[in-house]
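This report walks through one protein chain, from its overall make-up to single residues. Please keep the sequence and the 3D view at hand.

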Amino acid sequence: MSKWVLLTFFLLVSPSISSGFDQLESDLTGFLVTNCVDCHARGDANGDVVLEVSGDDGHVLNDAVLLDRVLNEIANGTMPPSDVSEVSTAQRKAVVVSIKSRLVELVKDIPEETVPISRLNRFQYNNTVRDLFEIDRDVFALTEKLMVRETDYLDVLGSDLASWQLPSEVKAQSSAVAQRAGMKAVKPFPKDLRAEHGYDNQASQLTLSPLLLDSFFKLSVSIVESEDFNKESVGIWDSFFESPQEGINVRQAVKERLSEFIPIAFRQEVDEEVVSRYTEYAIKCIDESASFSDGMKKVSAAVLSSPLFLYRTNVEPNQSTCYSLASKLSYCLWGSCPDAELLSLAATGELSDQAVLTRTINRMMADPKIKRFLDAFPVQWLQLENVLAATPSPRINRFYSINTDYPAGLQMLIEPLLLFDLVFIEDRLIHELITPKVVYRSDFLDEWYNTDLKPEAVDVDAIKEANDERRTTREALRLAIEDQHGAIEGLIDPARELIFGKKAGSEQAVDLRPYAVWRFEGDLTDEIGDLDLISHGEIRFESGGVVLDKAFLQSPNLPDAFTEKSLEVRFSLSDLDQRGGGLMTMQAGNLFDSIVIGERQNRHWISGSNGFVRTEDFPGSVPEHLIDDSIHLLMTYQSDGSKTLYRNGVRYGDPFQKGSVTFKALESFILFGLRHLPPGGNRYLNVRIDEAKLYDRPLTESEAAEAYQSSGSFIPEQDLREILTASDYAAYIQMRSQLRETRKKLSEVPPDVQFEEVRLANEKAYENRIRNLMRSPKFKRVDVSDPRYGGILTNAAILTMTSGPDRTHPVARGVWITEVLFNDPPSPPPNDIPPLDEDASEADLTIREKFAEHRANPSCAGCHNQLDPLGFALENYDITGRWRVKYENGREVDPSGSLSQNSFTSVSEFKKGLLSDVDRFAEAFAQHFMRYALARELTPKDRVAVREIAAGLRDKGYPVRSLIHSVLQTESFLARSIED
């Protein structure tokens with residue numbers, strides 16, 4: 001219940017009043033005595049509202065303001081409270097009808113409210129300047145504009161309002177995401193103060209201080225001097241700023257142009273003296289700047305700085321009130337100045353004709369500029385800017401701000417705005433704002449409303465089964481490799497003994513069995529297999545080696561996979577201060593392991609790897625010192641990530657263990673003279689290489705020493721071919737091919753899946769999906785199948801902005817309902833009421849139980865008994881508008897309550913209860929729009945007009961566009977806006 005100021009009702013009236021009035025006085029006196037005076041008599045505990053019956057001259061029935069407040073309390077069922085006095089529905093209706101009838105009589109003789117002239121707000125200023133100059137962009141970025149329609153449905157609907165239909169899919173984004181930048185070097189004046197409900201066009205707030213007037217002057221100059229203010233962006237450039245053709249009198253041309261321009265800018269007739277004054281100023285500026293365009297820019301800035309431009313309604317007393325009406329219409333529906341047609345109708349007085357006015361309003365609604373009304377009114381009516389300030393706790397819903405640049409609220413606020421677009425454009429009934437049949441919803445909102453916002457669950461049993469299968473496959477392939485390798489060794493061992501016996505003479509040689517060998521004796525061939533190298537850049541062969549200078553060598557893709565390996569190179573360097581050059585590398589995609597010099601410490605050798613993920617300095621390593629002398633390096637890589645470097649057969653520092661990777665078959669290759677592909681910079685190594693070998697295993701320390709001592713300990717392919725019989729060699733080739741195929745299959749077996757890795761991967765994928773959905777501008781037209789969602793009341797935007805960071809706020813939600821849906825804002829709480837100390841409450845209490853303390857306080861009970869049930873009705877929605885049945889403490893949510901003496905147990909029943917009194921909602925909506933249209937607070941006469949509108953549209957179900965249309969034809973709107 002709204003807090004009443006001190007009221008003293010004197011209910012005895014003079015004999016001159018009609019018998020109908022006598023009956024009303026008698027009925028109301030009896031009603032108050034029976035139901036109100038006991039609680040509100042002077043000296044009572046509820047003495048802030050005093051209802052006293054005395055014999056003095058009474059005037060409650062003669063005071064429209066007072067009587068209108070009484071009507072509001074009784075009609076809404078808040079007076080008298082149901083727990084104090086039971087009033088039948090019939091009795092309440094009878095009293096309401098009587099008071100409404102009396103108000104109609106009272107306001108007949110009350111003159112229309114006059115409003116002081118007010119200046120343009122930021123939204124109106126921007127649009128007016130854009131339309132005046134036909135600029136192709138906003139003058140400055142408008143933070144007041146919350147939605148950007150990327151689908152131009154308002155531009156293509158056409159002039160037939162009855163056929164308007166929104167498409168099945170539209171694209172729209174929050175302006176915070178798709179912000180349209182303004183003109184360069186143009187900075188707007190500060191955001192305008194908001195009136196009580198939040199409208200920013202109220203005359204009482206739009207004052208013009210000297211400081212702000214100076215800001216407007218600077219702003220007007222910055223607009224015309226912006227580099228974006230030019231022939232390409234300004235539609236009237238040719239007709240207004242372009243120099244007149246040769247032979248045409250400049251003064252006359254300026255005067256003619258200003259004669260058309262200034263009346264549009266000032267939105268009224270302008271006398272000859274005003275035009276002449278601006279013409280003289282323009283000629284002076286043209287002469288001083290020696291540029292016609294610059295002079296016209298300066299006079300334009302002067303026009304924009306004039307109070308006649310800055311003030312929204314500035315009709316002189318001797319001019320037609322139609323100019324005032326034209327301006328009010330244009331700023332209400334277009335947020336901008338009247339166009340030429342509106343001004344023409346105002347000049348002739350035709351706009352005052354009812355039929356012309358109706359056609360004009362229809363034309364204005366059909367114009368694409370109606371989007372500005374849809375950008376402004378619903379945002380302010382629904383108080384949607386509050387969504388931008390919402391900060392739900394990540395502990396409760398971490399997805400809301402998973403991307404700080406695109407919080408969920410930016411998607412949420414689009415839903416109610418598109419719903420208003422839909423209801424307005426298709427002239428749907430007003431109840432569809434609360435219980436719509438269709439809505440526009442994005443994939444993100446579908447996910448938000450209809451899922452548990454969790455990634456796909458990990459199937460542990462399936463992972464275990466898959467891992468078991470992989471292990472079985474790996475083991476079988478390993479056994480096959482052992483068998484195939486053994487068969488090959490059994491075939492060639494006799495040949496190996498024969499070959500090494502011949503080569504070694506009296507000394508036994510060791511076959512280290514390399515995978516590939518490159519001798520560089522005039523060619524790049526692999527002496528064991530078919531991994532012949534290809535040169536990139538100019539190379540030269542010199543004394544049994546290959547010299548690389550900003551060049552590199554690359555092998556074909558390796559047929560086998562490598563987890564373990566050894567890289568061996570015999571070489572010499574002329575420059576030891578090369579930083580980061582690669583000697584020998586194995587690479588696959590972005591993966592690489594490389595023998596590198598000087599990358600981390602000058603002249604020190606390391607095992608380079610992509611991003612150093614498998615790299616450390618060898619502990620105890622020393623700088624290289626041999627210049628132009630033979631150096632032998634052998635780097636071994638084990639499956640556990642251990643890496644050892646041998647220099648000239650001796651360990652180089654100490655080994656280290658860090659990371660392991662498998663280089664896949666048919667994807668990996670060998671490089672010489674380059675750290676990794678792509679080439680360039682210090683990746684090159686200028687070097688002479690005499691010999692290199694690749695092993696498919698890590699050599700032991702003794703084998704490393706042997707490799708350094710003996711460079712010929714292997715069987716060249718040619719020797720093997722010569723000593724084996726043709727059939728044995730063919731069998732050898734086939735067995736080697738089978739071995740490579742088996743190794744390839746082993747490399748292709750996926751590694752075991754780790755449960756935690758899958759969980760993290762699923763979570764990351766889901767987070768990325770949510771982020772992508774947040775950025776999507778697509779909204780689809782969908783039928784509302786779940787009555788819990790949809791409408792201006794139960795959408796995530798409203799429910800989020802009326803919650804706190806950690807819990808829902810039933811009072812804030814109740815206040816929003818009374819302000820927005822009922823247009824009956826409660827009075828602020830008394831200053832001496834302490835805030836609710838939730839920390840002192842028991843943890844297992846529900847919010848309803850915690851708020852019982854406030855309802856028990858007599859100073860709080862009046863408002864809380866009204867507000868709390870409205871807020872508790874929405875308790876099934878958490879702080880971000882998602883459905884819940886229990887609180888975090890496990891207690892069940894109780895949404896039950898009563899509205900206008902009708903009980904409900906669910907939000908669906910609550911919404912039905914709201915619409916059981918749709919007349920109240922329709923009247924409240926019309927009052928909101930009327931306040932926006934009039935740019936002032938409403939009077940009892942305004943509210944009487946609204947009730948008459950509602951009565952006329954009740955049987956039709958209150959089509960929204962028709963309600964708006966009717967308000968624009970009331971006497972309140974048509975009246976002059978300033979005193980004559």
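Two residues touch, or are in contact, when heavy atoms of the two lie within 4.5 Å. The model is predicted.

## Overall make-up

The protein chain has 980 residues, and 52% of them count as buried. It holds 33 helices and 21 strands.

## Nonpolar cores

The largest nonpolar core has 162 residues. Y125, F133, W381, L433 and L821 touch the most other members. Which residues does Y125 touch, leaving aside those up to four places away in sequence? They are L120, F140, F189, F216, L219, S220, I223, L304, F309 and L310.

A second core is separate and has 42 residues. Among its members are A516, L583, M584 and F672. In soluble globular proteins, nonpolar side chains tend to be buried together.

## The α12 and α13 pair

Helix α12 spans residues 321-333, and helix α13 spans residues 340-348. Their axes are 8 Å apart and the packing angle is about 155°. Angles over 145 degrees count as roughly antiparallel, so α12 and α13 are roughly antiparallel to each other. Their crossing is right-handed.

On the α12 side, the contact uses C322, Y323, A326, L329 and S330. On the α13 side, L342, L343, A346 and A347 meet them. By class, the residues of this contact are eight nonpolar, one polar and no charged.

Is helix α32, residues 960-967, mostly covered or mostly open? It is mostly covered, with six of its eight residues buried. The buried residues are V960, R961, L963, I964, H965 and V967. They pack against α14 (354-366), α15 (371-381), α17 (414-425), α30 (918-934), α31 (940-953) and α33 (971-974).

Take the α14 partner. Its axis and that of α32 are 11 Å apart, and the two helices pack at about 130°. That angle makes α14 oblique to α32. The crossing of α14 and α32 is right-handed. From α14 come T358, I361, N362 and M365; from α32 come R961, I964 and H965. This contact of α14 with α32 has three nonpolar, three polar and one charged residues.

## A buried loop residue

L699 sits in the loop between β18 (687-695) and α20 (701-709). Why does L699 count as buried? Its relative accessible area is 4%, and buried means under 20%.

L699 touches L512, S566, L634, T636, A704 and A707, not counting residues up to four places away in sequence. K565 is 134 residues from L699 along the chain, yet the C-alpha atoms of the two are separated by 8.0 Å.

## Backbone features in loops

A cis peptide bond joins L677 and P678, with omega about 0°. P678 belongs to the loop between β17 (669-672) and β18.

F612 is not a glycine, but has a positive phi of about 60°. F612 is in the loop between β12 (605-609) and β13 (631-637). With a relative accessible area of 29%, F612 is partly exposed. N648, also not a glycine, has a positive phi of about 50°. N648 lies in the loop between β14 (642-647) and β15 (650-651). N648 is buried, at a relative accessible area of 18%.

Key
Residues numbered from 1 in each chain as written. Predicted model: local features only at pLDDT ≥ 70, side-chain atom pairs only at ≥ 80, totals over all residues. Heavy atoms only, no water. Axes fitted to C-alpha atoms, helices over the stretch in contact; angles between N-to-C directions. Helix = DSSP H or I, 4+ residues; strand = E, 2+ residues; numbered from the N terminus. Parallel < 35°, antiparallel > 145°, perpendicular 65-115°, else oblique. Left-handed = near helix turned anticlockwise from the far one by under 90°. Nonpolar A, V, L, I, M, F, W, Y, C, P; charged D, E, K, R; others polar. Core = buried A, V, L, I, M, F, W, Y, C linked by side-chain atoms within 4.5 Å. Buried < 20%, exposed > 50% of the residue type's maximum accessible area, 1.4 Å probe, protein only.
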